[in-house]
Amino acid sequence: MALMGQMMSAPLLISSIIKHAARYYGGTEIVSRRTEGDLHRYTYRECELRARKLAQALGALGVKQGDRVGTLAWNGYRHLEIYYGVSGMGAVCHTINPRLFPEQIAYIVNHAEDGYVFFDLTFLPLVEGVAPHCPNVKGWVLMSDRAHMPAESKAKLLCYEDLIDAQDGNYEWPQFDENQASSLCYTSGTTGNPKGALYSHRSTVLHSYASALPDALGCSARDVILPVVPMFHVNAWGMPYSVPLVGAKLVFPGARLDGASLYELFEQEKVTFSAGVPTVWLGLLQHVQANNLKFSTFRRTVIGGSAVPPAMTRALEALDVEVIHAWGMTEMSPLGTACKLLAKHEALSDADRHKILEKQGRVIYGVDMKIVDGDGKELPWDGKAFGDLMVRGPWIIDRYFRNDANPLVDGWFPTGDVATIDEDGYMQITDRSKDVIKSGGEWISSIDIENVAAAHPAVHMAACISAYHPKWDERPLLVVVKKPNAEVSKEELLKFFEGKVAKWWIPDDVAFVSEIPLTATGKMQKLRLREQFKDYRLPTA
Ligand code: AMP
């Protein structure tokens with residue numbers, strides 16, 4: 001008979017994180033820019049008390065374990081209270097991306113069967129439009145006080161502060177099975193309807209531990225952390241959990257994510273660490289460079305969600321900010337890999353070190369990955385062979401919420417990304433499989449092309465898509481937004497590629513546009529670009 005270990009059994013519950021922060025970092029601050037317009041400050045101790053009151057209020061409203069509660073909200077302290085109040089009582093915190101189309105939001109609310117939806121003041125008009133299409137929602141909770149409640153509304157409105165004020169906080173977090181569902185995020189659904197990833201308490205707590213490790217986000221109680229990545233985008237990459245877990249000060253930017261507003265908050269609150277998608281850093285960098293500013297405390301940032309152009313890494317480094325490139329997806333809670341150097345890399349030249357730092361990095365413990373060819377055969381880790389990236393692990397999806405199809409292949413989740421892995425286990429995404437450009441049967445990495453273009457001083461943003469070619473089937477077309485007041489010709493830009501990529505990878509043409517459409521999570525919307533340019537005639541055709 002097996003000999004069992006003799007250690008205490010304690011379920012890994014999300015409530016334990018906020019309890020820990022309140023007990024051991026009780027005086028540490030949480031600072032939030034509110035939609036009401038002011039700056040709000042309080043501590044982990046106060047946050048936990050209000051989360052308990054919220055759990056009581058939800059109980060009083062009839063919310064039970066397993067019920068779904070939606071949110072349409074920015075990064076802020078009330079949203080954090082909902083994360084803990086809802087999951088802590090055993091219900092499911094369902095964060096909804098308010099940047100989706102109203103029809104998609106209604107679909108998601110109905111598919112998830114949200115009983116209540118909490119929302120920020122900003123989204124009142126959105127809620128007014130969506131509410132008539134969500135008959136099963138019993139109440140829409142405005143995350144503000146009585147003074148901000150509208151006189152009348154088409155939606156059944158409740159007031160957040162009234163709900164909290166009605167409770168005494170005399171509440172013990174319940175203990176239950178760590179495999180119970182804790183939270184729900186829908187993928188942005190570029191094709192078909194969005195699909196739900198249903199996380200558990202166990203998967204979330206394990207992901208929080210792992211993501212805080214030094215070779216991942218590397219969070220410490222000494223940090224001041226500002227998650228720019230929204231709490232409606234894969235739980236802000238788990239930071240609402242990992243930051244209280246380590247006891248760091250938290251700073252929430254609310255709705256103001258432009259460069260000037262972020263810079264002001266970074267300086268004022270002495271932020272040391274942040275995380276967000278490349279498009280956000282583009283705005284911040286532009287503001288800092290245009291005004292000749294410096295960061296006095298900001299020293300590290302994790303960038304992911306789409307590939308980080310090396311030019312962005314260089315620009316941040318010039319401001320003494322270390323860039324940690326990370327990769328993941330909604331289906332992975334989301335963190336899979338992060339790019340930090342090994343000790344042996346310190347001896348490399350600056351250029352060689354940066355070649356590594358461009359990659360999406362090594363897995364964090366808990367995630368296992370492999371690349372396979374079209375027949376499912378595993379490919380070598382030589383940094384050259386590229387194939388479909390597959391993952392598995394305790395915080396990776398097993399199946400989608402209320403969907404019978406099995407997404408796995410032999411127990412592995414196919415990410416839809418195409419990647420290489422080198423001898424040291426550094427993974428590099430060459431493309432999303434749908435975005436890869438197939439020229440005469442050979443593949444061209446759109447990310448590589450975009451990275452070169454982004455390094456040109458006149459380029460603000462660049463997307464590389466396939467355009468129809470009668471001989472090669474597909475050829476790369478570069479779509480470019482120029483920096484304000486910058487000038488560059490098509491010929492100059494194409495010349496810039498010479499010697500930087502294989503000759504046949506150089507785009508056939510450049511299209512200058514005023515704007516590149518972004519998805520609800522700030523990624524370049526290549527599907528829409530491809531539609532926009534579907535009848536484009538390449539000069540080489
Ligand atoms: P989402 O679930 O919306 O976060 O999207 C996940 C997808 O974003 C991944 O499957 C990748 O295609 C893409 N992605 C995330 N991080 C990166 C990265 N660092 N580099 C390139 N693509 C990325």
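Residues are numbered from 1 along each chain as its sequence is written. In this predicted model, local features need pLDDT of at least 70 and side-chain atom pairs count only at pLDDT 80 or more, while totals for chains, interfaces and linings use all residues; side-chain values use heavy atoms, with hydrogens and water left out.

**Exercise 1. Find which residues surround the ligand and what kinds they are.**

Step 1. Start with the shell: 15 residues surround the ligand, each with a heavy atom within 4 Å of it. Among the closest are Ala326, Thr330 and Asp417.

Step 2. Sort the shell by type: four residues are nonpolar, eight polar and three charged. Here Ala, Val, Leu, Ile, Met, Phe, Trp, Tyr, Cys and Pro count as nonpolar, Asp, Glu, Lys and Arg as charged, and the others, Gly among them, as polar.

Step 3. Look for the largest share: strand E14 (residues 322-328) supplies four residues. Strands (E, at least two residues) and helices (H or I, at least four) are DSSP runs, numbered from the N terminus.

**Exercise 2. Work out how the chain divides into domains and which residues link domain 2 with domain 3.**

Step 1. The assignment, automatic or from a database, gives domain 1 (15-317), domain 2 (325-432) and domain 3 (437-532).

Step 2. The C-alpha centres of domain 2 and domain 3 are 24 Å apart. Their contact (heavy atoms within 4.5 Å) takes five residues from domain 2 and seven from domain 3.

**Exercise 3. Locate two backbone features.**

Step 1. Most residues other than glycine have a negative phi, and most peptide bonds are trans.

Step 2. Serine 333 and proline 334 are joined by a cis peptide bond, with omega about 10°. Proline 334 sits in the loop between E14 and strand E15 (335-338).

Step 3. Asparagine 235, not a glycine, has a positive phi of about 50°; this asparagine belongs to helix H8 (residues 234-237).
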